[in-house]
Amino acid sequence: MPKMTESFYNSASWRAYRQQHRDWTVARQGGVWCIVCGSTKRLILDHAIERKDGGEDLPPLEQAHWYCTGCHNRKTAEAKAKRARGGR
């Protein structure tokens, strides 16, 4: 069964936030890349504290990070496994 994107991530508010975060990141570090591996391909903006774990929809800019697809999928899988273990 393919993963379905939550409708929130297609909203105008999320798209505007992504653009604001991209502009902020470029101004701070001169570009946008994965915070884990440094890739600049297929980047996803990710909540530092997942929404499912109580994170804000549109967190302060410091609380969202860019990941490439592979690193994002690993981070998300780890968070899902942690939730399944009751937060441990």
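Predicted model: local features only at pLDDT ≥ 70, side-chain atom pairs only at ≥ 80, totals over all residues.

Residues are numbered from 1 along each chain as its sequence is written, and side-chain values use heavy atoms, with hydrogens and water left out.

**Exercise 1. Find where confidence is lowest and where it is highest in the protein chain.**

Step 1: Start with pLDDT, the predictor's confidence in each residue, from 0 to 100. The protein chain has a mean of 92, and 94% of its residues reach 70 or more.
Step 2: Now go by helices (DSSP runs of H or I, at least four residues) and strands (runs of E, at least two), numbered from the N terminus. Helix α2 (residues 69–84) comes lowest with a mean of 91, while strand β2 (residues 64–68) comes highest at 98.

**Exercise 2. Work out how the rings of Phe8 and Trp14 are arranged.**

Step 1: Rings of Phe, Tyr and Trp (its six-membered ring) pair if their centres lie within 6.5 Å; planes under 30 degrees apart are stacked, over 60 edge-to-face, and the rest tilted. The structure holds four such aromatic pairs.
Step 2: Phe8 and Trp14 are 5.4 Å apart, centre to centre, with 50° between the planes, so this pair is tilted.
Step 3: Zoom out, and Phe8, Tyr9, Trp14 and Tyr17 make up one aromatic cluster.

**Exercise 3. Decide whether Phe8 and Trp14 are buried or exposed.**

Step 1: Buried means under 20% relative accessible area, exposed over 50%, and partly exposed in between (1.4 Å probe, protein chains only).
Step 2: Phe8 has 13% relative accessibility, so Phe8 is buried. Trp14 is buried too, because its value is 3%.

**Exercise 4. Explain why Cys68 counts as buried, and list what Cys68 touches.**

Step 1: Cys68 sits in strand β2. Its relative accessibility is 10%, which means that Cys68 counts as buried.
Step 2: Contact means heavy atoms within 4.5 Å. Skipping residues up to four places away in sequence, Cys68 touches Cys34, Cys37, Ser39, Lys41, Arg42 and Leu43.
Step 3: Take Cys37 from that list. Cys37 and Cys68 are 31 residues apart along the chain, with 7.9 Å between their C-alpha atoms.
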